[in-house]
Amino acid sequence: MAGKSEEPVNEQAVATIYGNMRADITQVYSKITELEMEVSEHSLVINAIKPLDHSRRCYRMIGGVLVERTIKEVLPAVQHNKEGLEMVIARLNEALEKKKKEIADFEAKYKIRIRKGDEVKDDGSKKEGSAQGVLVGPAAATE
């Protein structure tokens with residue numbers, strides 16, 4: 001984004017812009033994850049109160065205040081909130097794809113490659129230790 005208005009002067013500026021772009025992507029990923037967790041919580045609430053009597057009392061947190069309502073009043077509101085969250089997640093996924101494309105274009109333009117040499121060295125040791133678990137000795141001998 002910052003690279004569109006003017007070209008970076010040196011490698012340090014390119015690295016800074018690239019780091020900011022990666023940080024933006026990370027932020028979007030974490031926001032999507034957070035909202036997906038909220039959607040799953042909304043689903044749990046909907047599934048829990050749907051089979052109950054609609055005249056039954058329930059409590060809902062609105063702006064930090066716990067209010068008493070009936071299931072008939074709360075269920076549509078929770079469903080509406082869930083739908084709104086799903087729409088926001090869809091928009092964030094679209095924005096994420098745009099950011100991924102921008103970063104791919106930026107990497108191609110400035111020939112940026114992420115070094116993976118350190119990971120290759122670690123892979124050998126991880127393969128040996130990847131079967132970590134509990135070592136259980138032979139069954140206790142009866143005396």
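Tyr59, Met61 and Leu66 together make a nonpolar surface patch of about 360 Å². Keep in mind that this is a predicted model.

Leu66 sits in strand E2, residues 65-70. Is Leu66 buried or exposed? It is exposed, because its relative accessible area is 56% and the cut-off for exposed is over 50%. As a general point, nonpolar side chains in soluble globular proteins tend to be buried together.

Now the overall layout. The chain has four helices and two strands. Along the sequence, the pattern reads α-α-β-β-α-α.

Next, the inside. The largest nonpolar core has 15 residues, and within it Ile32 and Phe106 touch the most other members. Which elements give two or more residues to this core? Helix H2, residues 11-49, and helix H3, residues 71-110. H2 gives the most, with nine residues.

Leaving out residues up to four places away in sequence, Ile32 touches Ile89, Leu92, Asn93 and Leu96. There is also a second, separate core of seven residues. Among its members are Ile49, Cys58, Leu75 and Val78.

Finally, some totals for the chain. It has 143 residues, and 20% of them count as buried. The accessible surface comes to about 11500 Å², with 55% of that belonging to carbon and sulfur atoms. And the contacts? Take those between residues at least 6 apart in sequence: 65% join residues at least 24 apart.

Note on methods:
Residues are numbered from 1 along each chain as its sequence is written. This is a predicted model: local features need pLDDT of at least 70, side-chain atom pairs count only at pLDDT 80 or more; totals for chains, interfaces and linings use all residues. Side-chain values use heavy atoms; hydrogens and water are left out. Patches are made of residues with over 30% relative accessible area and no salt bridge: like charges are joined within 9 Å, nonpolar side chains (Val, Leu, Ile, Met, Phe, Trp, Tyr) within 5 Å. Accessible areas come from the Shrake-Rupley method with a 1.4 Å probe; for residues, only the protein chains shown count as cover. A salt bridge is a side-chain nitrogen of Lys or Arg within 4 Å of a carboxyl oxygen of Asp or Glu. Buried means under 20% relative accessible area, exposed over 50%, partly exposed in between (1.4 Å probe, protein chains only). A nonpolar core is a set of buried Ala, Val, Leu, Ile, Met, Phe, Trp, Tyr and Cys residues joined through side-chain atoms within 4.5 Å. Contact means heavy atoms within 4.5 Å.
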